[in-house]
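The sequence and the structure are shown first.

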Amino acid sequence: MRNGMRLLLATATGAAVFASGTTTALASQSALTSARADARCAGSAEFSKVEWTDAFVPLKDNNEVTVTATLKNPFEKGSDGKWTKGPDGKAVRDITTLGGEIVKPGATTGTKVDLDLPVAPAITADNEQSAALGEAKVMGKFTVTKDDKDGKWLLKLNPSRKGTAQPCVEEIAVNPQLKLVGAAVTDPVVVTTNDDTKVAVKATVAGGATSVSAHLYSNDGNDSVDLNLDKGNSANSWYQDTWFDSDFTTGAWTLDVTVTRGNESIKYERADTFSVQLKKAKKKKVKSKISFDVNANKVRKGKTVRLYGAVYRGSSAYARKNVELYYRKKGSTKWVFFAVTKANSKGKYSKVVRPKVDAYWHAVAPGTSTTSGSTSASEFVDVR
C-alpha cells in the first residue's frame, strides 16, 4: 500500500494484523519528542520482540517493509493458571485495543493505524494451560518510496488492557539508496616472469548491498577477471584479492563494479583504472601452473568434498610434485594451510576433505630454485 500500513489477513493461528490507516497530524513537535521518550517495544512488558524485513530507500520500485511484533499476554488467565473462558467457550481478551503510528525522520505528521485484536481461540481441556496462548503476533507493512529520507523511522505501538499498559517505540533504521561510494585496484600491478602478483580490489558501497561483483579487463587485449567481493569489517566495505602473472596483458586496465541489493542492481563502468607492468626477473625460471576444482560447491556438514586438479611445469605435467592445499574462511582475509598431497606421474592430484565451515579453497605449487611457484583460482564450498 502507498500510504502507511496495509491490512494483512489474520492467520488461523490467531496472529493479529495491521488495519488500514489514515494520515493524522501530531499535536506538535513535542509529541514526536514524547514518542522517542517511550520505552523500547522489544523486551518490554507488552512485546517480547519486534522484527522487520530489510528497510531501505529504493532506487525505483516501492519497498514494502513488513513488521512483526510479538504481543505478550493477549488473553486473561485465572488464579488457577488456566486461561479464562467466556460464555462462548473462547479465551477472554485482556488486551482491549491496539494502536500504532509510523513517523518518518524530521516529520511532524505520521500515519496512525489501528491493529486488529488477536483472534480468541476456543479453550479446551487440551489448551487451557497452554503457554502458546500467552503470545500473539501482530503484523503489518509500511512503504518506503524512492523520494523518502533514510535514517531512523519511529514505530510507536500503543496497546490498551483491562489493567495498565504503556506505549512503546521501536526505531527502524532505513538504509539509504544503493550507491557505489568508491572503488580501487592495486596500481600499478607489477608482474614478473617467475612469480604471481597479488592484486587487491576494494569497494565502498552505501545502502546495505547484499552482493558486490567486479569485472577487471584489459583495454588492449582479451584478458579479464571476474570477482565476487567479500564483505569487510565495516558495514560499507567490500574486498577481494586475485593474482596476476606474466601471461596477463600489460598496459591499461579498467574496473567495472556491480552492486546488488535484493532485486535492485546497478553497474558502475570505469569505477577505476590501473596498469599492468612486466618486470623481468634476474634469473629466469620455468613457469608452473596449477588448476583447481571441487566436485561439489555445497555440502552438508560432516560430508566430504574432493579437491582435485593438475599441475604443470612449462607445458608438461609436473610429475610427483607436492601440492599444498589452503582454505580461507568466509569473511576472513587469511589463508590457512590444510594439507599436502602429491601429484601422480601425469601431474594430477586429488584430496578428499571434510569441510567444517563455509570457506574458499585453493591449491599452491611451491616454487623451487628452477621452477616458479603458482597458485590456482579459488573455489567456494558452502557447508550446510
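The model is predicted, so local features need pLDDT of at least 70 and side-chain atom pairs count only at pLDDT 80 or more, while totals for chains, interfaces and linings use all residues. Residues are numbered from 1 along each chain as its sequence is written, and side-chain values use heavy atoms, with hydrogens and water left out.

**Loop and backbone geometry**

- Pro 188 lies in the loop between S11 and strand S12 (189-192); strands are DSSP runs of E with at least two residues, numbered from the N terminus.
- The peptide bond that joins Asp 187 to Pro 188 is cis, its omega being near -5 degrees.
- Asn 73, a residue other than glycine, has a positive phi near 45 degrees, and its place is the loop between strand S5 (63-72) and strand S6 (95-103).
- Arg 270, also not a glycine, shows a positive phi of about 55 degrees and belongs to strand S19 (residues 264-279).
- Most residues other than glycine have a negative phi, and most peptide bonds are trans.

**Exposure**

- Asn 73 has a relative accessible area of 41% and is partly exposed, a class between buried (under 20%) and exposed (over 50%), computed with a 1.4 Å probe on protein chains only.
- Arg 270 is exposed, at 54% relative accessibility.

**Sheet**

- Four strands form an open sheet in the order S11-S13-S17-S16, with antiparallel pairing; two strands pair if DSSP finds at least two bridges between them.
- Strand S11 (179-185) and strand S16 (230-231) are at the edges with a single partner strand each, so one side of each has no neighbour in the sheet.
- Two bridges link S16 to strand S17 (residues 237-244) in the antiparallel sense, and Asp 230 stands opposite Tyr 239 in S17.
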